[in-house]
Amino acid sequence: MSKDKYFIIDFDSTFTKVEALDELGEISLHDDPNKEQILQEIKNLTNSAMEGKSSFTEGLTKRLALLQANKKHLQPLIERLKDKVSDSIKRNRNFFAEFANHTFIVSSGFKEFIKPIVTEYGIKEENVYANTFLYDENGNITGFDKENVLCLDKGKIKLLETMALKGDVYVVGDGYTDYEIKEAGLANKFYAFTENIARDNVIAKTEYIAPSFDEFLYQNQLPMAISYPKNRIRVLLLESIHPKAVELFKKEGYQIETIAGALSEEELCEAIKDVSIIGIRSKTHITKKVLEHANRLISVGAFCIGTNQIDLTACLDAGIPVFNAPYSNTRSVVELAIGQIIMLSRGIFDKSEKMHRGEWDKSAKGSYEVRDKKLGIIGYGNIGAQLSVLAESMGMEVYYYDVVEKLQLGNARKCNTLKELLEIADFVTLHVDGRPNNKNMFGAEEFAAMKKGAIFLNLSRGHVVNIPSLVEAVKSGKVRGAAIDVFPQEPANNEEEFISELRGLPNVILTPHIGGSTSEAQVNIANFVPNRIMDYINSGNTYQSVNFPNIQLPELKNAHRLIHIHKNVPGVLANINNVLASNHVNIEGQYLKTNEQVGYVITDINKAYDKNVIGELKSLPATIKFRMLY
Ligand SMILES: NC(=O)c1ccc[n+]([C@@H]2O[C@H](COP(=O)([O-])OP(=O)(O)OC[C@H]3O[C@@H](n4cnc5c(N)ncnc54)[C@H](O)[C@@H]3O)[C@@H](O)[C@H]2O)c1
Ligand SMILES: O=C(O)CC[C@@H](O)C(=O)O
């Protein structure tokens with residue numbers, strides 16, 4: 001790094017996420033009944049000054065008068081601001097320490113609260129240029145030192161002129177006054193810092209935008225805390241994924257795009273081109289063809305339980321881990337199934353429809369309690385097992401059938417064959433997964449094996465039931481009632497018509513694939529999946545991935561982490577280590593996990609390494625993907 005680069009960093013809304021005087025107002029006006037109105041006035045004055053629309057000195061005088069602040073409010077303010085340092089500034093604290101002699105805070109804020117914050121990051125006290133408060137004998141803030149150029153209009157320009165820095169000057173800030181330094185010819189580059197606030201009139205003027213401090217460091221090839229700015233990583237979220245997911249990705253600085261419905265294969269091939277993370281629910285299909293168009297895809301998030309809509313093997317072959325939310329909506333599905341079992345047993349939907357038509361049909365005919373009835377659960381996984389527990393607590397006798405051995409919960413009884421279960425159950429409910437082999441697993445033969453007048457539920461996947469056979473079973477009275485939540489063909493969005501032979505059948509509850517659609521479940525999912533994906537991106541952890549060798553890694557400390565995904569052929573690990581040894585790279589830790597197709601090696605190396613190493617590792621035979629983390 002040459003010694004002639006100087007970094008001028010703004011404080012409010014840049015170094016910290018907030019405007020300090022707004023925060024001071026929150027404290028000093030705490031008990032004022034007009035607090036909200038005064039704070040709004042202060043905000044308006046701040047914005048107007050930051051956007052260069054009004055006199056700075058006049059605005060500052062007015063803001064201080066409105067604040068009614070006292071010296072005693074400063075310590076609580078400092079504590080508040082310490083928590084509100086911008087995320088990317090926090091991450092890159094080493095940069096400020098390393099370039100302490102060349103980093104300056106230039107702010108129209110006040111030294112009293114700026115110094116305690118920035119010096120914790122290694123910035124020198126004498127490199128903080130800002131205003132100072134004036135107080136009366138009671139410690140009330142009455143004004144500011146008018147001799148300081150930073151309280152004047154164009155104050156930053158005046159200051160930079162006196163600083164007379166010899167070398168390249170970079171300014172990073174969110175405000176118009178920061179831009180003016182460059183406009184006045186006193187800086188080589190101005191970066192509009194938009195992590196906290198994007199001011200249109202500043203953005204319109206500048207050539208350079210820094211959605212994070214990482215981006216500034218990356219563009220200028222300066223040392224940074226992470227290997228690649230997150231704002232360069234595009235995330236595409238389809239099918240109305242809960243906004244909580246957007247919030248989490250945004251918090252880490254990712255670039256997000258959301259689409260309400262699902263996309264067809266053709267649309268997705270186009271949309272996925274520059275996307276690094278894609279989030280879908282049950283309607284979007286990630287096929288081999290889609291993956292061929294995905295030039296930058298790092299990970300797929302299924303914001304649901306089922307992953308049958310994703311070609312997991314093709315993702316694995318392409319070195320792309322897939323994460324789902326295996327338990328986040330389990331309870332919601334179970335609660336709906338319980339509700340439907342009771343409603344169907346009492347013929348409630350038909351009775352309700354009659355009432356809406358004005359018919360009063362008070363009778364106990366065809367209406368039964370569920371207590372002591374036999375519930376047959378097909379697929380005793382997470383949902384099936386949870387349903388078993390709740391159904392038993394209502395007094396039902398539970399039978400289950402699964403293709404693999406499962407722990408019997410409570411008094412549930414295992415059936416050795418599907419036929420055995422069908423012959424015994426008063427209620428048959430499907431909770432199998434959507435693997436291709438399960439297509440039409442429930443058809444004419446299975447309906448025929450059921451007890452006459454039994455009730456049938458499917459909340460698993462549409463393609464597992466043969467619909468014409470179900471229609472026939474309902475029409476013939478073999479099945480007395482049914483609840484179907486999933487269908488072989490489902491509309492891609494809420495505008496498309498739902499077309500099915502099941503429409504209009506008596507005592508058949510149809511729901512639009514909402515088993516898992518509760519607020520609780522969607523929030524849980526939106527918390528769970530982004531965290532798995534970001535953990536993979538940040539540390540290489542593949543724990544709980546549905547298609548990748550699962551590795552849970554220790555935290556990366558003062559090392560580089562090399563992530564190498566390769567075809568599982570003999571000799572790759574030896575080749576990786578040969579490259580490292582021949583380049584005198586010290587291995588601090590190494591982790592390997594393979595499955596039949598893919599090998600996943602994580603190597604932590606000491607900080608110093610020759611750039612050739614990366615090229616050599618990338619070009620090793622059998623390499624699928626290589627990433628470097630630090
Ligand atoms: N309606 C909804 O909104 C909704 C919500 C969540 C999940 N689901 C569906 O429910 C399915 C089950 O969820 P889960 O969390 O319980 O999954 P899970 O993987 O824990 O359980 C599935 C169980 O089915 C068994 N199984 C698979 N094929 C079978 C077969 N042919 N016969 C008998 N058993 C079979 C498996 O061995 C496994 O134990 C999901 O895969 C998903 O497709 C639907
Ligand atoms: O929300 C969805 O689209 C899918 C819900 C459900 O089928 C799941 O697999 O979790």
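Here is a conversation about helix packing, ligand shells and domains in this model.

Trainee: Before we start, what kind of model is this, and from which number are residues counted along each chain?

Mentor: This is a predicted model, in which local features need pLDDT of at least 70, side-chain atom pairs count only at pLDDT 80 or more, and totals for chains, interfaces and linings use all residues. Chains are lettered from A and ligands numbered from 1 in the order in which they are written, while residues along each chain, as its sequence is written, are numbered from 1.

Trainee: Thanks! How are helix 3 and helix 4 oriented to each other?

Mentor: Helices here are DSSP runs (H or I, at least four residues; strands are E, at least two), numbered from the N terminus. The axes, lines fitted to C-alpha atoms over the stretch in contact, have angles that run from 0 to 180 degrees between N-to-C directions. For helix 3 (residues 35-50) and helix 4 (residues 56-67), the axes come within 10 Å and cross at roughly 165°. Angles under 35 degrees count as roughly parallel, over 145 as roughly antiparallel, 65 to 115 as roughly perpendicular and the rest as oblique, so helix 3 and helix 4 are roughly antiparallel.

Trainee: Which residues of helix 4 meet helix 3?

Mentor: Contact is judged on C-beta atoms, placed from the backbone, that lie within 7 Å. Helix 3 brings Ile38, Glu41, Ile42, Leu45, Thr46, Ser48 and Ala49, and these meet Phe56, Gly59, Lys62, Arg63, Leu66 and Leu67 of helix 4.

Trainee: How do the residues of that contact of helix 3 with helix 4 divide into nonpolar, polar and charged?

Mentor: Ala, Val, Leu, Ile, Met, Phe, Trp, Tyr, Cys and Pro count as nonpolar, Asp, Glu, Lys and Arg as charged, and the others, Gly among them, as polar. On that basis, the contact of helix 3 with helix 4 has seven nonpolar, three polar and three charged residues.

Trainee: Is the crossing of helix 2 and helix 5 left-handed or right-handed?

Mentor: Helix 2 (residues 20-28) and helix 5 (residues 74-82) pack at about 125° with axes 10 Å apart, and are therefore oblique to each other. A crossing is left-handed if the near helix is turned anticlockwise from the far one by less than a right angle, and right-handed if clockwise. The crossing of helix 2 and helix 5 is right-handed.

Trainee: Moving to the ligands, which element gives the largest share of the shell around ligand 1?

Mentor: A residue is near a molecule if its C-beta atom, placed from the backbone, lies within 6 Å of it. Of the 30 residues around ligand 1, Gly306, Gly379, Gly381, Ile383 and Gly515 come nearest. The elements giving two or more residues to this shell are helix 17 (330-345) and helix 19 (382-393). The largest share, three residues, comes from helix 19.

Trainee: How are helix 17 and helix 19 oriented to each other?

Mentor: Their axes come within 9 Å and cross at roughly 50°. The crossing of helix 17 and helix 19 is right-handed, and the two helices are therefore oblique.

Trainee: What classes make up the shell around ligand 2?

Mentor: The residues around ligand 2 are Arg281, Ser282, Cys304, Ile305, Gly306, Asn329, His513 and Gly516. By class, that shell has two nonpolar, five polar and one charged residues.

Trainee: Lastly, how many residues of domain 4 are in contact with domain 2?

Mentor: The domain bounds, from an automatic or database domain assignment, include domain 2 (233-327 + 519-548) and domain 4 (555-629). The C-alpha centres of domain 2 and domain 4 lie 25 Å apart. Eight residues of domain 2 are in contact with domain 4, whose number of residues in this contact is 11.

Technical notes: Contact = placed C-beta atoms within 7 Å.
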